[in-house]
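Me: I would like to learn how to read a protein structure. Can we go through it one feature at a time?

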Amino acid sequence: MKLLLLGNQARAMANFWSVLIRRAVAAGHEVVCAVPPPLPSDDPVWEASLTALGARLVYYPLDRKGLNPLRDLGTLLALRGLLRDERPDRLFTYTIKPVIYGSFAASLAGVPGREHRTLMITGLGYAFEADSLPKRILRRVTALLYRAAFSLAGSVYFQNEDDRKLFEHFSIIPRSIAVRMCRGTGVDTARFAPAPLPDLPEVPSPEHPAVFLFVGRLLEAKGLRELCQAARLLKERGAPAVVRLLGPTETGLGAVPVAEINTLRDEGVIEYLGETGDVRPFIAGAHALVLPSWREGTPCSLMEGMSMGRAVVAADAPGLREVVRPGENGLLVPVRDAEALAEALETLARDPRRLRDMGAAGRALALAEFDAERVAAGILSGMNLESPTSDGEPSR
């Protein structure tokens, strides 16, 4: 059978769906990855990674964050033509615009049949982040588009119960669609193998601090400003902790300007590491992962840190609380509370033994619940592309 994966960038598809692609190819299916064409600044390694897995790449136009209806209409028409040309047996879409316009285009093209269209909600995006008037208007429009898209698909996966309940609250989910749950994209526990913690004295000091790593896009909704405020508090208190940021810069709605990050870096409040094609060396150089996001689908960066044996500190928000067991593998703090975040980071920074114990618990949890092999097997089984196996976990 031919499976078409529709996403919003090659980088994310290579990072998060490589296990599912590999399993589908190994099961004898043809896999087509549909993504926007690369920008001049994009690293070609991501496309090479997808083709190395045995997938074929096709392109369609997409303005990932823009709100221009004419551009979105162009996306819809291009997807309709792509689906007519490819005629896939199964369609799997994720992220907001691919979910919405992919569903519309599949219906217009008549392929595949509605029962063979699978959607995944990986996060709620800008419209659901706050409660200003423009965002309420955008949320209403987005909810209407989601509702129409859901009515044209056979099944939808949610990554956490909070998102599912919110969609129910906005009457987005029709009775005609099968609702399933999964642990995000999971984490490749073999690739993200345990790494020894960096040396840390039993009594850490500002000269020998614990390192906390943030991995993600530079967005306000990732809790980035609260994290930077917490880092400033730690610096002012002389706490034995340093905060590092790793991730690509962003522009447009909800972005934290790189100039703001550079100013904080120059003041010695944070360390900004830029972006990378491989986060593993940076996780290996940290003692814990931190993500004070306002909301997530399921946080891949935290699961990757856990898989490598790192404690995690996160906001007590939808998606994040799915992977953190407070006091066991990490700590949860109130959303948008810089003071509480600083206290949590300082508490762990002063307790190397607790960092080690939480890291070991995180690795065990990643193996037991978040392994990408189990997640991929469940999703493929749900699409009738792979029979359940001993290491597969059917969707719940």
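Predicted model: local features only at pLDDT ≥ 70, side-chain atom pairs only at ≥ 80, totals over all residues.

Me: How many helices and strands does the protein chain have?

Reply: The secondary structure comes to 14 helices and 13 strands. The radius of gyration is 21 Å, close to the 21 Å that the globule rule gives for 396 residues, so the chain is as compact as a globular protein of that length. Its C-alpha trace spans about 65 × 50 × 40 Å along the principal axes.

Me: What share of the residues of the protein chain count as buried?

Reply: Buried means under 20% relative accessible area. Of the 396 residues, 54% count as buried. The chain exposes about 16,200 Å², and carbon and sulfur atoms supply 53% of that area.

Me: Is Asn8 buried or exposed?

Reply: Apply the cut-off of under 20%. Asn8 has a relative accessible area of 14%, so Asn8 is buried. Asn8 lies in the loop between β1 (2–6) and α1 (10–16).

Me: Which residues is Asn8 in contact with, leaving aside its neighbours within four places in sequence?

Reply: Asn8 is in contact with Pro36, Tyr60, Leu62, Arg64, Thr95 and Pro98.

Me: Where is Leu77 placed?

Reply: Leu77 is in helix α4 (residues 69–86). Leu77 counts as partly exposed because its relative accessibility is 41%. Together with Leu70 and Leu73, Leu77 forms a nonpolar patch on the surface, and the three have about 300 Å² of accessible area together.

Methods. Residues numbered from 1 in each chain as written. Heavy atoms only, no water. Patch = residues over 30% accessible without salt bridge, like charges linked within 9 Å, V, L, I, M, F, W, Y side chains within 5 Å. Areas by Shrake-Rupley, 256 points an atom, 1.4 Å probe, with all protein chains shown as cover. Salt bridge = Lys/Arg side-chain N within 4 Å of Asp/Glu carboxyl O. Helix = DSSP H or I, 4+ residues; strand = E, 2+ residues; numbered from the N terminus. Buried < 20%, exposed > 50% of the residue type's maximum accessible area, 1.4 Å probe, protein only. Contact = heavy atoms within 4.5 Å. Rg over C-alpha atoms; globule rule 2.2 N^0.38 Å.
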